[in-house]
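Could you take a look at this one with me? My notes are below, in the order I'd go through them.

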Amino acid sequence: MELSAILMFLFGATVLWGGSAYFLYKTMTSKD
């Protein structure tokens, strides 16, 4: 596996999980 591919995978995973965490945070905070 090339380094660029690993970096792209990490970047994609970070964006994916970051987006999910942000969506969950917004959903939980909007209920208050």
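Here are a few points on the model, the fold, the surface and two residues.

1. A word on the model first. It is predicted, so local features need pLDDT of at least 70 and side-chain atom pairs count only at pLDDT 80 or more, while totals for chains, interfaces and linings use all residues. Residues are numbered from 1 along each chain as its sequence is written, and side-chain values use heavy atoms, with hydrogens and water left out.

2. On the fold: the chain has 1 helix and 0 strands. Both terms refer to DSSP runs, numbered from the N terminus (helices: H or I, at least four residues; strands: E, at least two). Helix α1 covers residues 3-30. Along the principal axes, the C-alpha atoms fill a box of roughly 45 × 10 × 5 Å.

3. How much of the chain is buried? Of its 32 residues, 0% are. Buried here means under 20% relative accessible area, exposed over 50%, and partly exposed in between (1.4 Å probe, protein chains only). The accessible surface comes to about 3,200 Å², and carbon and sulfur atoms account for 76% of that. These areas come from the Shrake-Rupley method with a 1.4 Å probe; for residues, only the protein chains shown count as cover.

4. Now F11, which sits in helix α1. F11 counts as exposed because its relative accessible area is 55%. From F11 to S30 is 19 residues along the chain, and their C-alpha atoms are separated by 28 Å.

5. Last, A21, also a residue of helix α1. Its relative accessibility is 44%, so A21 counts as partly exposed. A21 and L3 are 18 residues apart in sequence and 26 Å apart in space, C-alpha to C-alpha.
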